[in-house]
4 protein chains.
Amino acid sequence: MKVAIVGGTGYGAVELIRLLNNHPHVTVEKILSHSSSGTKLSEVYPHLSDIIDLEMDALDVEALSKQVDLVFFATPSNISKDYIPKFFELGIRCIDLSGDFRLEDEAEYRLYYEDSLADEKYIKEAVYGLPEINKEKIKDTKILANPGCYPTATLLGLLPAFKHDLVEQDNIIIDAKTGVSGAGRGLSLNVHFSEMNENFKAYKLGSHKHIPEIEQELTTAAGETIQVTFTPHIVPMTRGIMSTIYVNLKEHHSSEEIISLYQKYYKDHPFVRVRNEGIIPSTREVYGSNYCDIGIFSDERTGKLTIVSVIDNLVKGASGQAIQNMNLMCGWDETTGITQLPIYP
Amino acid sequence: MKVAIVGGTGYGAVELIRLLNNHPHVTVEKILSHSSSGTKLSEVYPHLSDIIDLEMDALDVEALSKQVDLVFFATPSNISKDYIPKFFELGIRCIDLSGDFRLEDEAEYRLYYEDSLADEKYIKEAVYGLPEINKEKIKDTKILANPGCYPTATLLGLLPAFKHDLVEQDNIIIDAKTGVSGAGRGLSLNVHFSEMNENFKAYKLGSHKHIPEIEQELTTAAGETIQVTFTPHIVPMTRGIMSTIYVNLKEHHSSEEIISLYQKYYKDHPFVRVRNEGIIPSTREVYGSNYCDIGIFSDERTGKLTIVSVIDNLVKGASGQAIQNMNLMCGWDETTGITQLPIYP
Amino acid sequence: MKVAIVGGTGYGAVELIRLLNNHPHVTVEKILSHSSSGTKLSEVYPHLSDIIDLEMDALDVEALSKQVDLVFFATPSNISKDYIPKFFELGIRCIDLSGDFRLEDEAEYRLYYEDSLADEKYIKEAVYGLPEINKEKIKDTKILANPGCYPTATLLGLLPAFKHDLVEQDNIIIDAKTGVSGAGRGLSLNVHFSEMNENFKAYKLGSHKHIPEIEQELTTAAGETIQVTFTPHIVPMTRGIMSTIYVNLKEHHSSEEIISLYQKYYKDHPFVRVRNEGIIPSTREVYGSNYCDIGIFSDERTGKLTIVSVIDNLVKGASGQAIQNMNLMCGWDETTGITQLPIYP
Amino acid sequence: MKVAIVGGTGYGAVELIRLLNNHPHVTVEKILSHSSSGTKLSEVYPHLSDIIDLEMDALDVEALSKQVDLVFFATPSNISKDYIPKFFELGIRCIDLSGDFRLEDEAEYRLYYEDSLADEKYIKEAVYGLPEINKEKIKDTKILANPGCYPTATLLGLLPAFKHDLVEQDNIIIDAKTGVSGAGRGLSLNVHFSEMNENFKAYKLGSHKHIPEIEQELTTAAGETIQVTFTPHIVPMTRGIMSTIYVNLKEHHSSEEIISLYQKYYKDHPFVRVRNEGIIPSTREVYGSNYCDIGIFSDERTGKLTIVSVIDNLVKGASGQAIQNMNLMCGWDETTGITQLPIYP
């Protein structure tokens, strides 16, 4: 199958290229970039020298729809919403790594994305691509809204507890930490090496785009409106997300009981690994891989359940999950091409 | 004044040496180390070559009490509790950077420190050395229990809210992050460079020694029993602590109101800086200095107050605060010798 | 084909496991570890949880020789030399990632490895496994001496110049830099996170084990005795080696001419990439991959040729090259299973 | 004494502010910045909040000359050359941290700085401010050309050998490594965190501005034309420079002999520390301090002398040395205000 990647100079695109290079059924036919049209990919990314010799082009929907079967969008916010409807009408499936098709609520989108939502028709066609909860819907969709990095780690950590109705509705705290690549390749003083190295920062308290996304999916799972407190932080490292989640249990269950329930919940989901009691995963344990690893601690003393969920933000948090979704959309085994082990150390 | 430092090869000691080198009233007369007795300090720490030429000795309480006026203990847990009483009886003041004299409750100490508490007489003599709340008591004590690094950041972030009775007793979440130097100089796979670099870890969920210390001081401040949920994490950097604290406000106050209250609370405390609205400090902003910087975000939507408090774990979280305490015990200005600006970048 | 890995808790072994997991023709049947016999691999390396469930065993040559076809040694110095001869006599091929079979000269081995060389018979059987120069010999050997990390980067950078007789015999300077994983998993203050982070060190000036290895191979290539000045340094990062090499050209050639000659030299060697004029590779450009990237600068002003050669020390510098050698020994395409792209960023 | 700093938002300026804050005889009266005129310093650098409340101004030579006694220029290349002559004529002393007044040769300046040299009159007035060789001249100058970071580390490492005529004129290799702060605060993909972290790069082979500066000073010291091969590299850390220098000895001397000679050479220079035999300094050992630490290895086998010289690029490599020069120019002890110990760890 031939695919195209729009947003060719960003980290999402280059990670798609890395992972698709090992995929047995897919060829990356075209790489599109508005800013680098006419440039060879290896000039922007010398690590691809002598391996991938594509020249980047500007996006031409009509032309592209005749050349490829599926298009990945690895673009900033508020871009894909203008193009994916066109591809949809031309019968081309799209996987959107940006947030344009994740939210269903116009007001929320407007508030957090500062733009108007895509036309309702296409929002309804879109499926939120977290394979561990939406596998069947994903198989049939033509517009796949690939989840955000923080929501992926957070939802995989929280959903089993919500599905089993273990958790109180209030006092859900998500203290999240990301490696710097989550900020992308755009230059900014915030992620200038000398400012970010040997530094640890909190940012966007109460205003991060991923808040409505997490709340939307938790609300669906819980069947009642869920609000969360979410604080993202930046860690002086390139890759990795940890979401440390605090909830109140409706009634006490031991760590062991909850772990057992989580392990059962994820037993048919090859990319989620729930650690045994007393073991908490660190971000390095999923580095470069599509795994989400989860650790559980239930504290009898305080009644709080603490869930630690780690992913590689560029793999399970973006491009790896996009390929997992593509596999499902194409009827292939969901692990095809993304079984790389974590790189350690 | 002449002082001695016990625990000469650890990071607490070497940071005391760095800071005291600029102190106008103090000479480091002796450095004691059980493991490195007979070794020159510069052999262990070549960065002190040609500057400090002391040879380390084993500790001899009698002899030392004739040579110095004050002793710093920068030792692991469960050591100073055997020596400080002896110095006390000989009239020598001690500042203990370890946790041996911080807790008043035998059972808690036994649970978290796995040893018996020091004799009650000396525990009663000891003062918990957080100058921002205990200044007067510190001036008169002969046994100073220097606070832990996490408790320092956390208590300075929480106490004004408790003192003003703004905070609900339940659902206090402290998500704390430390640089690796907090783990000390002892070798362990956990802090082996290749394991810790490009990695982010949570550890000791529900079992860290600093939990009872934080709870003891909050309970005193609140006048009612306070329990907290505390999760420490390690960041791949050498120095810095951030404590991200989540509490429920009894009633809503804006960020601005709370900031104003905090700024007033700390107006006579030169080492605490409360940022204005919308500004959250990062750990680098206090690197190498004795400052504690605090950012405040009150979220009307969720009713949660988020407090971000940062310190340098080795300065305000250990050796700098110890010197601040020494200054108070000696009747000097509390900032003497510790006015170094943060190193940036 | 079934293989075993001896030295199962070290970084060489765990990198073999990562790479072999994607190899179409090979199964890792046994992992041997003296220190961790009886332990499950995932207890030592949680990132392998739910993927590889082998329990490590102590090495039993007889038994192992009936279970596997080929044995990798990823052991410290002076261990494989006692075992590989036994496997050889039992007809089992061995690939040795340690230095035990690299040197031919007893005196040199004794000087740098502080032990006696393996029996001459086996040293003669051993082939130095740098595929880019020894491909034919590698195909037939039963004892493969996998090159050291520094020698791999250095020799690939220097050999074309020597083969074309461009370089003066004297004044060969190799200033090499390695990521910390090169020091292995053994604990030491040198690679304790807080000591090594934000730090850059030179070490083992004039005494590193890789000096005689580099000189032996250059001497063979040049047909005359070559001595080098070699200084290794440690960089505060986990992976990557850069060898910056300075030589005097016998007569001046432009960068372009030398690059052209190098590109021709390596045209049939898929893992060596020679950059075009003005482009110097950085270590990140080969991270996690088996590539060796080379940059060339010929300075007319000084007559010096500077060669910059980068590899991932754990892949092309150890386990990836070992698999490349295995592929050749087994008659497979040399790239089988090791075509992963560099991870970037 | 009142001073001004031009270039207030750069790292050189902020490091001057840090160090001068502890200087007993100096007040920073004005901070000038073209780009941030009208902004409070603490808005650009929140770590200075509540400590330094200056607002930055645009530079007005006339006005400033009435307000301060001395001006530091911490500006990019080709700026101070237009302003310092004006201050000179107004009787105001200037210390220039940029390279505008370091080179005496018009052609060299034009080649490396791509602009015309300042008027000859002022170039002649300027003194190259390496206190360890030019102390007397520095005391009398009104235009102080503060050395570059690489030249400082390199010259302090090489000059004693040249002064004692130990070194051959040819084959001088300087393999230098810097922390990222050397690249300044200007945004660039090269020093974007995700690109530079876990990465090691060589850059500007044969074309770095510091080449003519090093050659000029070595030529003066040697009394004959000296050319060097100089390769700078970037290390993924914020601060620190190591210069690893390779020269041929005219005749062999042991490490011990050369160390002894170096220690004698620097015995009256408090900021240079020459390690004893077998000990090589690392960059961390001078972090945040004005020290230059030197390690020596003379290899009898190859006849090569290897010199390892480390500094903090922002202190001895820039702002600390500028203050050392100011102290000399003002008749104060050269260590005044810059005796901070290295921060370790």
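## Chains A and B

Four salt bridges are counted between chain A and chain B. This is a predicted model. One of the bridges joins the side chains of D175(A) and K177(B), with N to O at 3.0 Å.

How many residues does each chain bring to this contact? Chain A gives 46 residues, and chain B gives 46 residues. The buried area between chain A and chain B is about 3800 Å². Carbon and sulfur atoms give 53% of that area. On the chain A side, E198(A), F200(A) and R301(A) lose the most area to chain B. Together they make up 19% of what that side buries.

## Chains C and B

Chain B also meets chain C. Here the contact takes 19 residues from chain C and 19 residues from chain B. About 1700 Å² is buried between chain C and chain B, and carbon and sulfur atoms give 55% of it.

Two salt bridges are counted between chain C and chain B. E195(C) forms a salt bridge with R185(B). Their closest N and O atoms are 2.8 Å apart.

## Two helices in chain D

Packed helices are described by the angle and the distance between their axes. In chain D, helix α1 covers residues 11-20 and helix α12 covers residues 315-329. Their axes come within 9 Å and cross at roughly 50°. Angles of 65 to 115 degrees count as roughly perpendicular, and those under 35 degrees as roughly parallel. α1(D) and α12(D) are therefore oblique to each other. The crossing of α1(D) past α12(D) is right-handed.

Which residues meet? From α1(D) come G12(D), E15(D), L16(D), R18(D), L19(D) and L20(D). From α12(D) come V315(D), S319(D), G320(D), A322(D), I323(D) and M326(D). By class, this contact of α1(D) with α12(D) has seven nonpolar, three polar and two charged residues.

## Backbone details

Two cis peptide bonds deserve a look. In chain B, the bond from Y344(B) to P345(B) is cis, with omega near 0°. P345(B) lies in the segment after α12 (315-329) of chain B. In chain C, the bond from Y344(C) to P345(C) is cis, with omega near 0°. P345(C) sits in the segment after α12 (315-329) of chain C.

N78(A) has a positive phi, near 70°, and is a residue other than glycine. N78(A) lies in the loop between β3 (70-73) and α4 (80-89) of chain A. Phi of N78(D) is also positive, near 70°. The loop between β3 (70-73) and α4 (80-89) of chain D holds N78(D).

Terms used. Residues numbered from 1 in each chain as written. Chains lettered and ligands numbered in written order. Predicted model: local features only at pLDDT ≥ 70, side-chain atom pairs only at ≥ 80, totals over all residues. Heavy atoms only, no water. Axes fitted to C-alpha atoms, helices over the stretch in contact; angles between N-to-C directions. Helix = DSSP H or I, 4+ residues; strand = E, 2+ residues; numbered from the N terminus. Parallel < 35°, antiparallel > 145°, perpendicular 65-115°, else oblique. Left-handed = near helix turned anticlockwise from the far one by under 90°. Contact = heavy atoms within 4.5 Å. Nonpolar A, V, L, I, M, F, W, Y, C, P; charged D, E, K, R; others polar. Buried area = accessible area lost by both parts, 1.4 Å probe.
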